[in-house]
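Dear colleague,

I am passing on the structure below, together with some notes on what turned up when I went through it. Please read the notes with the structure open beside them.

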Amino acid sequence: MQPLLEQACWDTLYMVGWSTLIAVVGGLPLGILLVLTDRGGLLQNVLANKVIGQIVNVARSMPFIILMVALMSFTRWVTGTTIGREAAIVPLAIGAIPFFARLVETAVREVDGGLVEAVQSMGGNTWTVVRKVLVPESLPSVIASTTTTIVALIGYSAMAGTVGAGGLGDIAIRYGYQRFETELMWLTVAILAVVISLIQFAGDYAARSLHRRGGQSGPAPKLRLLKASTATSKTV
Amino acid sequence: MITTSGLTKVYRSRGREVTALDGVDLHVREGEVYGVIGQSGAGKSSLIRCVNLLERPTSGTVTVAGQDLTALAGRGPRAGKELRRARSRIGMVFQHFNLLSSRTVQDNVELPLEILGKSGKERSRKALELLDLVGLADKAKAYPAQLSGGQKQRVGIARALAGDPKVLLSDEATSALDPETTRSILQLLRDLNRQLGLTVLLITHEMDVVKSICDSAALMERGRVVESGTVSELLATPGSELASALFPLGGEAPADDRTVVDVTFQGEAATQPVISQLSRTYNIDISILGAAIDTVGGLQVGRMRIELPGRYEDNVVPIGFLREQGLQIDVLGQEPVLLKEGAQL
């Protein structure tokens with residue numbers, strides 16, 4: 001049982017790690033492009049925006065297991081096989097790119113238009129705006145989006161077992177659920193919960209420390225609220 | 001230094017047309033502080049954005065430092081190389097400062113220099129020099145969120161000066177600041193204007209801004225410049241809205257048997273005891289309804305609303321006397337043109 005779980009852990013991290021990396025590399029520019037080509041954007045191109053947006057929507061609406069099957073010939077072309085960990089990375093990454101792109105789009109839209117104008121007034125071009133304003137200013141949100149993407153990918157990776165990729169989710173389904181090894185099932189679920197909590201914690205920490213650089217010192221608003229309420233209850 | 005002629009900007013959205021600028025002719029001389037004042041929606045923002053072509057005007061031309069910017073290739077957001085180079089020689093400060101929150105104060109000031117492709121050493125030397133100039137040398141490593149509004153605007157100004165511009169555009173730079181900070185920022189702009197010979201074009205909705213630092217001003221209404229000129233020219237213009245806004249005077253409307261006169265004096269005339277002379281020479285009682293004396297664009301200017309007994313027709317001679325003293329006279333309830341004819345009668 002020990003080596004089985006250990007191997008599954010590594011499989012999950014391997015698949016999720018690589019697919020996250022690819023999703024970020026592919027989704028970041030796509031998300032920025034969605035903002036730039038939109039009406040009123042720096043590279044306004046309504047047709048391109050509609051096309052990209054539609055592709056993203058279709059890719060996002062596809063259930064992961066169907067996406068995996070649909071992409072099989074592409075997966076074989078890329079990795080040379082349709083089974084195993086490597087083969088699972090391809091559909092995971094492709095499923096995550098549009099997901100991440102939408103999150104990036106939202107994050108980039110939050111950037112104050114005045115900053116873009118300021119850089120233009122200094123003589124910057126669109127590339128300068130992307131590099132010096134849009135990416136650095138949206139970074140805390142983009143990091144939070146990456147965390148969300150990783151967590152979603154861990155969920156998706158459970159289905160990767162269907163192509164023999166292994167991983168924690170696969171153990172939970174095959175051993176725990178199908179072979180009635182309830183203890184093992186709960187154990188894997190517990191491990192997943194711990195892994196996801198750690199990732200969420202690390203992501204929040206990174207996003208917050210970047211934000212704090214922007215001067216928001218002291219505890220997060222929520223914590224402050226809690227403290228205030230305890231203080232009032234004491235006085236009462 | 002900045003000339004716009006026939007500048008028109010029409011926004012089209014969903015078939016509707018909104019004319020933000022309707023044939024604006026503006027002439028800003030080198031080394032002066034020029035204020036454009038107007039209510040929101042008057043077209044001030046569109047005007048200042050057309051000057052560095054952040055907005056491409058629908059028609060008309062913009063010339064800055066002898067260069068016709070409207071002739072340079074590229075549309076507003078997709079500006080060509082030459083237009084971008086021209087923009088880098090025009091500094092701009094904003095109402096909401098527009099500092100990058102992810103960068104330190106020093107890095108914010110270095111940003112235009114990065115765009116210009118200056119080396120790291122040169123950038124930090126220049127940035128520290130500018131921060132020193134605006135009085136923020138000790139805040140170089142701070143982040144914008146740690147600064148007060150006035151400090152942020154100082155950083156904004158330092159950043160605008162990084163490319164050694166000859167022209168500074170100020171888009172409501174003090175509108176988000178409290179009165180005291182506003183004064184210190186205006187003082188800084190004035191100092192920079194004098195020290196560096198910087199030409200400043202500013203837009204504002206606050207008359208105090210025009211009063212305290214502008215050499216010239218223009219009043220905008222519904223996309224048009226309705227009045228413009230140097231501050232002393234404006235004060236000498238009969239019935240000038242800007243002049244009366246710069247010097248709001250109280251006092252009731254003239255009754256039938258009274259004549260109410262606005263007297264504006266500047267420079268030499270301000271030191272003459274004209275009112276007591278008038279009273280003694282013509283033996284009339286003068287009541288002062290309201291008065292203000294102030295410094296406008298470095299000039300001592302005063303305005304007074306006085307009341308003379310009797311109808312206008314009875315007071316032609318005393319009013320003529322005031323005119324002879326080189327004072328600007330506006331008789332309330334009388335059209336300036338009629339007034340001249342009346343004087344001849």
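**The sheets of chain B**

Strands β1(B) and β4(B) run antiparallel and are joined by five bridges. As this is a predicted model, that pairing, like everything below, describes a prediction. Within the pair, T3(B) has T63(B) of β4(B) opposite it. On its other pairing, β1 (residues 2–13 of chain B) is joined to β2(B) by ten bridges, and these two strands also run antiparallel; here the bridge partner of T3(B) is H27(B). The hairpin that β1(B) and β2(B) make has two residues between the strands, and in it R14(B) takes a positive phi near 50 degrees.

These strands belong to an open, antiparallel sheet of four, whose order in chain B is β2-β1-β4-β5. Its edges are formed by β2 (16–28) and β5 (67–68) of chain B, each of which pairs on one side only. Helix α1 of chain B, residues 44–51, packs on this sheet, where it touches β1, β2 and β4 (59–64) of chain B, and its direction makes about 65 degrees with that of β2(B).

Chain B also holds an open sheet of six strands with mixed pairing, in the order β6-β7-β8-β3-β9-β10. Because β6 (90–93) and β10 (224–230) of chain B each have a single partner strand, they stand at the edges, and one side of each is left without a neighbour in the sheet. On average, and with direction ignored, neighbouring strands of this sheet are turned by 15 degrees against each other.

**The helices of chain A**

In chain A I looked at how three helices, α1, α2 and α5, pack on one another. Two packed helices are described by the angle between their axes and the distance between the axes, and the three pairs are set out in that way here.

Helix α1 (residues 2–36) and helix α5 (residues 85–109) of chain A pack at an angle of about 40 degrees, and their axes are 5 Å apart; the two are therefore oblique to each other. Their crossing is right-handed, and the contact between them has 21 nonpolar, four polar and five charged residues.

Helix α1(A) also meets helix α2 (residues 46–61) of chain A, the axes coming within 9 Å and crossing at roughly 140 degrees, so that α1(A) and α2(A) are again oblique to each other. This crossing is left-handed. From α1(A) the residues L30(A), L33(A) and L34(A) meet N49(A), I52(A) and G53(A) of α2(A), and the contact divides into four nonpolar, two polar and no charged residues.

The contact between the chains takes 21 residues from chain A and 21 residues from chain B. On the side of chain A that touches chain B, the elements that give two or more residues are α6 (113–121) and α7 (126–157) of chain A. The residues of that side divide into seven nonpolar, ten polar and four charged.

For the complex, the predictor gives an ipTM of 0.79 and a pTM of 0.80. Chain B averages a pLDDT of 85, with 90% of the residues scoring at least 70. Over residues 336–345 of chain B, however, the pLDDT is below 50, and beyond near neighbours in sequence this stretch has eight contacts in the model. Where pLDDT is low, the predicted coordinates should not be read in detail.

With kind regards

Note on methods:
Residues numbered from 1 in each chain as written. Chains lettered and ligands numbered in written order. Predicted model: local features only at pLDDT ≥ 70, side-chain atom pairs only at ≥ 80, totals over all residues. Contact = placed C-beta atoms within 7 Å. Nonpolar A, V, L, I, M, F, W, Y, C, P; charged D, E, K, R; others polar. pLDDT = per-residue confidence, 0-100. Axes fitted to C-alpha atoms, helices over the stretch in contact; angles between N-to-C directions. Parallel < 35°, antiparallel > 145°, perpendicular 65-115°, else oblique. Left-handed = near helix turned anticlockwise from the far one by under 90°. Pairing = 2+ DSSP bridges.
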